Amino acid sequence: MGEKRSVALQVRDFAASALFYREAFGIELQLEAAFEVEDLEEAHARALSAGAEVVREPDDGPAGREAVYRDPDGNLVTLTQRARAVRVAGVDMAGGGWAVVVLEGNRFVEAFRCESFAEALHTDVEVVAVDIPIGIPESGPRPADTAARRFVGSRGSSVFPTPGREVLEAPTYAEARRVAVELTGKSVSAQSYALRRRILEVDEHAPHDDRVVEVHPEVSFSELAHRPLLPKKRSDGQAERRALLEEAGVELPATVPRIAEPDLLDATIAAWSAGRYARGEALPLPEGYEERIGAIWR
């Protein structure tokens, strides 16, 4: 015979339901209590020392890791280990520095502005999701950028093409344009070149810090909303994004010193994607990509 399993039923009248199941199916219902615990292994050891009868050893169940016991009166008791909220950070450029938002689950922990990406990495979190290209192409367009522009539809212009390494390492914009034309036949935009210092800064850390992943706020907001959004520079676009986060249960403060509203919203949605990545729920662009670096995660 296979291992016996328990099934929890919610009923309004236990006596009436017990009679129905006995007469209809020949099944005897038993009262069962269910409790959440922080550490199931510790609770299991305590239950054993107290003389509880083990009905089912600690194991992974549909509600999480759980175990079932019988108390001295024969009642079944289920202990389920409470899911641990993962602490993550979202990082977005803010003026001449970085905006950092830390979430634990959907609970707001802190937000601050720092001058270097290295400072952001000092945060005690499991994932750091940053809005900056990670994985500099040697030549040609990045598949992640192409897929992201397609994904956000009408907001595709918000995804800047990532210049190649030789272009980024050029000391001046004029030199960068010359190198870009020589390598690709096309120049590089001033906006893309303006990101060079930040791209190279993150590139120093991301290959060696497994916590760091790339996100794009417009991609993440589109994933959350399942539709294109209003431009974020407009007040109604910012209100739309804040409302989406609140509807998703994500806490965020009304304001943070030295961080503008658009940057606060972008760092927060980056943290939302970081949480999805930590839980194994995030999806890569391009689809099917398996490496941490080279994808935009949503």
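Visitor: What does the charged end of Arg241 sit over?
Guide: The ring of Phe221, with that charged end 5.6 Å from the ring centre. Keep in mind that this is a predicted model.

Visitor: And Phe221, which helix has it among its buried residues?
Guide: Helix 9, where Phe221 is listed as buried along with Pro217, Glu218, Val219, Ser220, Ser222, Glu223, Leu224 and Ala225.

Visitor: What do the buried residues of helix 9 pack against?
Guide: Quite a list: strand 5 (87-94), helix 4 (143-152), helix 10 (235-247), helix 11 (261-278), strand 10 (284-285) and strand 11 (296-297).

Visitor: Which residue follows helix 9?
Guide: His226, and its phi is positive, near 60 degrees.

Visitor: Let's look at Glu214. Buried or exposed?
Guide: Buried, because its relative accessibility is 4% and the cut-off for buried is under 20%. Glu214 belongs to strand 9, residues 212-214.

Visitor: What does its side chain reach at 2.9 Å?
Guide: The side chain of Glu214 reaches the backbone nitrogen of Ile134. Leaving aside residues up to four places away in sequence, Glu214 also touches others, including Val130, Arg142 and Trp297.

Visitor: Switching to rings: how many aromatic pairs are there in the whole structure?
Guide: A search turns up 6. One of them is Phe20 with Phe25, edge-to-face at 5.6 Å centre to centre, with 85 degrees between the planes. Phe20 is partly exposed at 47% relative accessible area, while Phe25 counts as exposed at 51%.

Visitor: And Tyr173 with Tyr193, what kind of pair is that?
Guide: A tilted one, 5.6 Å centre to centre with 35 degrees between the planes. It links distant parts of the chain, 20 residues apart: Tyr173 is in helix 6 (residues 173-184) and Tyr193 in helix 7 (residues 190-194). Tyr173 is partly exposed at 30% relative accessibility, whereas Tyr193 is buried at 10%.

Visitor: Back to Phe20 and Phe25: which residue joins them in a cluster?
Guide: Tyr21, as ring pairs link Phe20, Tyr21 and Phe25.

Visitor: How many bridges join strand 1 to strand 4?
Guide: There are 6, and the two strands run parallel. Ala33, for example, has Val77 in strand 4 as its bridge partner.

Note on methods. Residues are numbered from 1 along each chain as its sequence is written. This is a predicted model: local features need pLDDT of at least 70, side-chain atom pairs count only at pLDDT 80 or more; totals for chains, interfaces and linings use all residues. Side-chain values use heavy atoms; hydrogens and water are left out. Two strands pair if DSSP finds at least two bridges between them. Helices (H or I, at least four residues) and strands (E, at least two) are DSSP runs, numbered from the N terminus. Buried means under 20% relative accessible area, exposed over 50%, partly exposed in between (1.4 Å probe, protein chains only). A polar contact is a pair of N or O atoms within 3.5 Å; within protein, one must be able to donate a hydrogen and the other to accept it, and residues adjacent in sequence count only if both atoms are side-chain atoms. Contact means heavy atoms within 4.5 Å. Rings of Phe, Tyr and Trp (its six-membered ring) pair if their centres lie within 6.5 Å; planes under 30 degrees apart count as stacked, over 60 as edge-to-face and the rest as tilted. A charge sits over a ring if NZ of Lys or CZ of Arg is within 6 Å of the ring centre and within 35 degrees of the ring normal.
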